[in-house]
Each structure stands twice: as structure tokens, then as C-alpha cells.
Amino acid sequence: MLRLMIVDDHPVVREGLRGMLESDPRITVAGEAASGDEAVVRARELVPDVILMDLRMPGGDGVGAISRILADRPESRVIVLTTYETDQDIVRAVEAGAAGYLLKDTSRADLLAAIVSAARGETVLSPSVATRLVTRMRAPVAESLSRRETEVLSLVARGLTNAEIGKELFISETTVKTHLLRVFGKLGVSDRTAAVTTAMERGFLPR
């Protein structure tokens, strides 16, 4: 059974989510938090498998809480559940390590499926959020790659995984993912192979 923690500053939202999700035999709601700061403390106490995290709350926002929680317990999976879908919010959440980004109009069936998928290590995104990310990544940006981005991409070209790149450069796997996300955006691509190919074509990497 998956242990779930719900983080939202609105009691009615927390109560509604608990009632909706606890009816599924795969899930137990281990606890709740009403702010980012409280979420960090409660995550240590409750040891949840998956956390549903609102973004904008008093007493510490969701993005800051995601970073702190995953620093303590990287095996937890955090799904952002919010009404906001601006590019800035999405990218900040992904960079902080969120495993998913869903909107509050998500259906019960889709939310349950996302929780189970996230627990398995998969990334879950609302369709509109996925579209925004792809559009952002494909937008042409006349920028060169930073030194660190070039280092990361060079190791991708050598066939290293994100975990192996992190060990090679002495950075976290989440940081590697952040650099790759920025590389994808700058090059207007959506996967690792295309990033390497495009970087070589533009002279950012040796052929």
C-alpha cells in the first residue's frame, strides 16, 4: 500500500483529496500539511512514498519544500497539484525535483493513476503542462551552452546515464536533469540523442 501525504493550505481541499483517494485500496493517506515548512517536518515523520504538493502557500512555498524534502529523502516522489500552469512555475518545480505536475481539475481516475505511476518512478504531467514544456523546449533560443551544460552533454554523448554523469561531475542526479532541461530548451529539442546531434551540428560539441 502506498503511503501518501497531502500538502495544501486549504483544509477543504485536503479533506476532499483524502476522502477521494483513501477509497482506493492501494493508497493510505499517512498525513497532511498546510504549508511548505510543515511539509518538510511532516515528511520526515511520515516517510511518505508519494507527496501531493500545492505550489503557492503561506509559510514556505511548494518549490522550496520539494527541494528540502528530496534532499532528506530522495526516494520520495513529489507530484505538484496546483491551479497554476505558467512556464516559470512548471520549470521551477521540475528543477526542484518534482516527479509530476498536475492541475486541480484532474479527474480522480487520472490522479490515482498518476500517484501509482509516480511511485513506480515515472514522470506524470497534465496534457496541457506537457504541451507547454514541449513548446518551450522547441522554441528557438539564440544562446550558447554554458561550460557545465557542455560538460553534461559531452558525457551524454559518451553514453553515460544521468546517475553516472552526476558521479563523474560530483553533482546530484537532479542537477544533471536540470542542466539537460536547459540544454533541450536552448537547442529546441526534446530528447538526449537530438541534443547531442544538434550540439555537434552547431559546433558546441566536437564531432
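Analyst: What follows describes the pocket first, then the nonpolar cores. The model is predicted.

The largest pocket holds about 820 Å³ of space. Its lining is made of 30 residues, and V94, A98, T123, N162 and K177 are the ones nearest the centre. Two or more lining residues come from each of α3 (62-72), β4 (77-82), α4 (87-96), β5 (100-103), α6 (127-138) and α9 (173-187). The largest share is that of α9, with 6 residues. Sorted by class, the lining has 17 nonpolar, 9 polar and 4 charged residues.

One of the lining elements is α4. Within α4, the buried residues include D89, I90, V91, A93 and A96.

Next, the packing. In soluble globular proteins, nonpolar side chains tend to be buried together. Here the largest nonpolar core has 26 residues, and V7, I51, M53, I66, I69 and Y101 have the most contacts inside it. The elements giving two or more residues to this core are β1 (2-7), α2 (36-46), β3 (50-53), α3, β4, α4, β5 and α6. Of these, α3 gives the most, 5 residues. Neighbours within four places in sequence aside, I69 is in contact with A39, V40, A43, I51 and M53. Another core lies apart from this one; it has 19 residues, among them L4, L81, L111 and A118.

Technical notes:
Residues numbered from 1 in each chain as written. Predicted model: local features only at pLDDT ≥ 70, side-chain atom pairs only at ≥ 80, totals over all residues. Heavy atoms only, no water. 1 Å grid on protein atoms, 1.4 Å probe; cavity = no way out; pocket = protein on both sides within 12 Å on 5 of 7 lines; lining within 4 Å. Points joined across faces, edges and corners; volume = space filled by probe spheres on them. Helix = DSSP H or I, 4+ residues; strand = E, 2+ residues; numbered from the N terminus. Nonpolar A, V, L, I, M, F, W, Y, C, P; charged D, E, K, R; others polar. Buried < 20%, exposed > 50% of the residue type's maximum accessible area, 1.4 Å probe, protein only. Core = buried A, V, L, I, M, F, W, Y, C linked by side-chain atoms within 4.5 Å. Contact = heavy atoms within 4.5 Å.
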